[in-house]
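Good morning, and thank you for coming.

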Amino acid sequence: MISTVGMVVTIVIIIAAAIGGVWYWTKIKEDKSSEPPKDNRHAEIQEPILRNDDALPKPISHIKIPSEEPKEEDAPAAEPPLETAEEEKKEESEVSALPAEQSEPSDNYLEQPQPEELSESGLFKHDPFLMELVRINFRKPVTGSQLTPFVRSALDEIAPHGLLRVLALESNSQRWFKPDAIGMFEAVAFYVQLASSHASFNDVSLNQLNGQIFQRMEMHLDGSCEIQDVQELVNRTQYLNALIKQFGVQITLLLRPIEKVSIDTFEREATLLGFKRRSSKHYEKIGELVTDKEGRRLGNRKGTIEIRWIDDSNVTISLNVPLIAPEKDPLRLFMTAVNAFAAVFDAEIVGSNGKVIDGAMISLLKQELDRFYKEMRAKDVEPGSLRAHRLLD
């Protein structure tokens, strides 16, 4: 009797499990069929065709747009940036708060060297146009604990942020490393980038670096140092700052959406269109790798095209003119991005005076860009090169 009851119970359980399985499979199938169709409107971005009869946006020109044929002696002019220094500082703080996976990859070639970047001495090759290499050799190896206070003082108290890199020659391995408190070192190398668009040395900071670091290291650590005359370094810094002022050029357009665009919508669309987050209001287009004539990697292009959310009725998009080679047809690439964003935001594209322009004015702008690139090359700053990015990005 008991065995009979057990069999009945077992059969009931099996039937219930089978019914439950059929119901669950049917439910999954219904859920999948009710999913909304995938949005493919970002799959392709149609490239605009620029003709004379097309209605095209007028740039807020950081390069002057001439009303007639540009003259060879005219120099491109730059307008003040759209954002205040306070807004820029806020954006930078937002970037520093990003998770590691969202941050920009480092473009520091001193930290991730390629074999072709090493000189015969084992040091990294540097650009003498932008940098001064100061090497101090010690007559007797010094400990890391003796060396690091000088390095820390130079990095934290004297050098503008990002313009100084330091390596030390480890005695046993005869290889260059970032100096730390452990180990014995027989030489130290300071890579001093004299200026960039973000920061710059001046006569005070250069004299402090020489007097408080290099000369004191010679005296206290028994070293020998050869450094170019400080006044000559000051002159080079002033020259680089003049180039930054001359070539730090953007072309900026304003997008005015018909319907308001929230910050969340802006972030989503910028991501879908292939832009990289720098802050919640600032995205940039990451360009191609910088390579040498043999195709070997030298560094990353970045920030070629930038888009910023000003408010829910205004979005700006900018072309960083010197950061892209003219052979890439930067004006066409820029207009492609402009039209893509205008389409997804259903936005009007305007210039500083709120008016649109035709293809004839775009042609004049193209001539102005060609002249601008010619001037860059005359000053030994190749557009889109690693040098241009280190100086102007």
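Predicted model: local features only at pLDDT ≥ 70, side-chain atom pairs only at ≥ 80, totals over all residues.

The chain has 393 residues, of which 42% count as buried. Its secondary structure comprises 9 helices and 16 strands.

We come now to the core. How many residues does the largest nonpolar core have? It has 87 residues, and those with the most contacts inside it are Leu 147, Phe 190, Met 217, Leu 255 and Ile 317. Helix α7, residues 330-345, supplies the largest share of this core, namely 9 residues.

Leaving aside residues up to four places away in sequence, Leu 147 touches Phe 138, Val 142, Ala 168, Pro 179, Phe 185, Val 188, Met 217 and Leu 221. One of these partners, Met 217, is also among the core residues with the most contacts.

Finally, I turn to the helix pair. Helix α6, residues 263-272, packs against α7 at an angle of about 135 degrees, and their axes are 11 Å apart. The two helices are therefore oblique to each other, and their crossing is right-handed. Which residues meet here? From α6 there are Phe 266, Glu 269 and Ala 270, and from α7 there are Phe 341, Val 344 and Phe 345. By class, this contact has 5 nonpolar residues, 1 charged residue and no polar ones.

Thank you for your attention.

Definitions and conventions:
Residues numbered from 1 in each chain as written. Heavy atoms only, no water. Core = buried A, V, L, I, M, F, W, Y, C linked by side-chain atoms within 4.5 Å. Buried < 20%, exposed > 50% of the residue type's maximum accessible area, 1.4 Å probe, protein only. Helix = DSSP H or I, 4+ residues; strand = E, 2+ residues; numbered from the N terminus. Contact = heavy atoms within 4.5 Å. Axes fitted to C-alpha atoms, helices over the stretch in contact; angles between N-to-C directions. Parallel < 35°, antiparallel > 145°, perpendicular 65-115°, else oblique. Left-handed = near helix turned anticlockwise from the far one by under 90°. Nonpolar A, V, L, I, M, F, W, Y, C, P; charged D, E, K, R; others polar.
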